[in-house]
Amino acid sequence: MAYYQQPLDVTALPSWQALLQHRKAMQDFSMREAFASDSKRFERFSLSTSGIFLDYSKNLINEETRNLLVDLAKESGLQEAIEALFNGEHINASENRPALHTALRRPIGDSVEVDGQDVMPQVHRVLNQMTDIVSRIHSNQWRGYSDRTITDVVNIGIGGSFLGPQLVSEALLPFTQRGVRCHYLANIDGSEFHELSAKLNAETTLFIVSSKSFGTLETLKNAQAARSWYLARGGTEEKLYRHFIAVTSNKEAAITFGIREKNIFPMWDWVGGRYSLWSAIGLPIALAIGMSNFKELLSGAYSMDVHFRTAPFEQNMPVILALLGIWYGNFWGAQSHAILPYDHYLRNITKHLQQLDMESNGKSVRQDGSPVSCATGPVIWGGVGCNGQHAYHQLLHQGTELIPADFIVPVVSYNPVADHHQWLYANCLSQSQALMLGKTRSEAEAELRARGADEAEVQRLAPHKVIPGNRPSNTLVLERISPRRLGALVAMYEHKVFVQSVLWGINAFDQWGVELGKELGKGVYERLTGWDQPAAEDASTQGLIDFFRGRHRG
């Protein structure tokens with residue numbers, strides 16, 4: 001029988017009501033004063049696991065806040081939901097299937113049953129298949145149609161088949177194996193294909209088509225374009241198999257396309273796209289960094305899995321981060337959350353977390369179909385830290401919105417230049433410190449007087465220089481970005497998203513809103529390209545169709 005969160009209104013729980021009262025008591029809470037009065041605050045509100053150190057002391061919380069939030073997690077049945085997740089129960093109720101991405105990183109010897117069948121043998125069978133192909137390409141045994149070795153690999157996919165692998169392969173660039181360059185093709189915009197293909201040689205390029213259905217519009221169109229490009233540059237149908245690999249559950253369609261059966265990797269219904277980088281979807285990662293490093297990535301994620309499953313909620317990193325998100329979104333009115341990596345190699349983590357969080361928790365009904373009674377998923381945004389300081393950090397510091405932020409920074413750089421990394425780390429810490437401290441009116445006035453401003457100028461400028469402070473943030477510190485630590489970091493955010501879905505009573509593993517646009521797109525395409533089509537469902541869409549057709553007729 002499918003597990004799903006029972007039709008529980010989280011807002012009716014005693015702990016929720018207690019948090020409402022506590023929120024009123026915290027209205028005038030000052031982080032400045034909390035740090036001044038408690039020398040142990042940093043130690044009290046920080047923890048470490050799996051190579052990640054979390055400082056969450058710069059939050060609008062005290063020990064009572066944490067205790068009440070933990071009570072909320074317990075009353076919501078979080079521990080039972082965690083066990084259901086790891087045990088392969090059907091927690092994706094709308095599609096009646098498990099969500100077992102955690103099985104992809106479990107070691108040999110573990111057993112996980114889905115509908116009475118142990119899935120671990122097939123998981124490790126695919127890992128062995130990946131090991132074989134990666135070894136053949138890295139040792140120059142895999143050759144193109146002209147018998148030249150493979151130098152470039154292009155992953156054709158979109159959504160989870162693109163964002164996760166791109167994040168990891170770029171984040172782990174210092175671990176890249178020589179001889180193979182990885183590229184990503186996602187957008188259906190022909191300009192992206194044109195720009196990428198101009199850099200490639202058909203004789204030495206391998207394409208990986210990643211699509212569960214082998215029918216996702218953008219992926220299929222790009223795969224067809226790649227096939228035509230390959231054939232136009234001397235490739236043959238007979239040797240197409242040397243240049244195309246598929247990751248799909250539609251083996252027949254891949255074979256029809258021209259891909260050999262032994263070059264087709266399976267996808268399973270119990271792994272969602274945004275949770276799939278740990279599977280054969282991660283093949284471009286393995287080709288970029290090597291299979292041993294890919295397994296280290298899995299090991300790091302597994303370490304976080306064990307922590308998430310076994311640590312008390314008070315000391316559980318994903319749970320703490322999830323509860324803080326609940327605290328701000330549901331009790332302080334925060335509508336977005338900033339992800340601020342202070343590391344060039346992590347520049348795409350925000351894009352991956354946008355899909356992970358917003359596609360998972362962008363829901364307005366609970367598991368049983370009843371409407372939610374509180375806000376759910378926040379808008380996730382952000383980007384590379386120092387760049388953002390000269391752009392949108394202004395809004396974080398002096399804007400009217402409360403926007404919690406996660407700062408992510410490594411202690412050690414792979415590419416030290418003079419004292420650049422010390423300044424990078426200093427910038428990260430000073431931004432979180434500035435968000436917390438702010439600048440009072442008296443401080444602003446004293447600063448201006450110290451610079452020699454007369455009193456009229458002091459009073460004119462001081463209001464503009466006041467920074468409210470008391471803005472919350474978390475700081476996640478890694479010694480350096482390694483496969484193991486990165487695996488733990490991504491898994492941590494996966495579990496954070498799941499925890500929040502459980503408390504809200506929603507399904508983090510379906511995405512019906514995404515499907516509607518795909519369905520409507522087919523009808524729009526037919527009206528753009530065909531004659532005698534019925535009018536669109538609304539005048540705006542029909543007017544834009546007519547505009548397009550009118551310009552193309554000319």
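Two strands count as paired if DSSP finds at least two bridges between them. Helices (H or I, at least four residues) and strands (E, at least two) are DSSP runs, numbered from the N terminus. This is a predicted model, so local features need pLDDT of at least 70 and side-chain atom pairs count only at pLDDT 80 or more, while totals for chains, interfaces and linings use all residues. Residues are numbered from 1 along each chain as its sequence is written, and side-chain values use heavy atoms, with hydrogens and water left out.

Angles here run from 0 to 180 degrees between N-to-C directions, and axes are lines fitted to C-alpha atoms, for helices over the stretch in contact. Strands of a sheet pair through backbone hydrogen bonds, either parallel or antiparallel.

Now follow the pairs. Strand 10 (residues 336-341) and strand 12 (residues 405-410) run parallel and are joined by 4 bridges. Ala-338 has Ala-405 of strand 12 as its bridge partner. At the other end of the order, strand 1 (residues 46-49) pairs with strand 2 (residues 52-55) in the antiparallel sense, over 4 bridges. Ser-48 is bridged to Phe-53 in strand 2. Thr-49 has Ile-52 as its bridge partner in strand 2. The two strands make a hairpin with 2 residues between them. In that turn, Ser-50 has a positive phi of about 55 degrees.

Strand 2 also pairs with strand 13: they run antiparallel, with 4 bridges. Ile-52 stands opposite Leu-478 in strand 13.

Next comes a pair of helices. The axes of helix 6 (residues 120-138) and helix 12 (residues 291-310) come within 10 Å and cross at roughly 150 degrees. The two helices are therefore roughly antiparallel to each other. By the rule used, angles under 35 degrees count as roughly parallel, over 145 as roughly antiparallel, 65 to 115 as roughly perpendicular and the rest as oblique. Contact means heavy atoms within 4.5 Å. Helix 6 brings Leu-127, Met-130, Thr-131 and Val-134 to the contact, and helix 12 brings Met-291, Phe-294, Lys-295 and Leu-298. By class, these are 6 nonpolar, 1 polar and 1 charged residues. Ala, Val, Leu, Ile, Met, Phe, Trp, Tyr, Cys and Pro count as nonpolar, Asp, Glu, Lys and Arg as charged, and the others, Gly among them, as polar.

On a 1 Å grid over the protein atoms alone, a cavity is a set of points where a 1.4 Å probe fits but cannot get out; a pocket is an open set with protein on both sides within 12 Å along at least five of seven lines; lining residues have an atom within 4 Å of a point. Grid points are joined across faces, edges and corners, and a volume is the space filled by probe spheres set on the points.

The largest pocket holds about 800 Å³ of space. It has 33 lining residues, and Lys-212, Gly-273, Gln-511, Glu-515 and Lys-518 are the closest to its centre. Helix 9, helix 14 (349-361) and helix 21 (512-529) each give two or more residues to this lining. Helix 21 gives the most, with 4 residues. The lining divides into 11 nonpolar, 13 polar and 9 charged residues.
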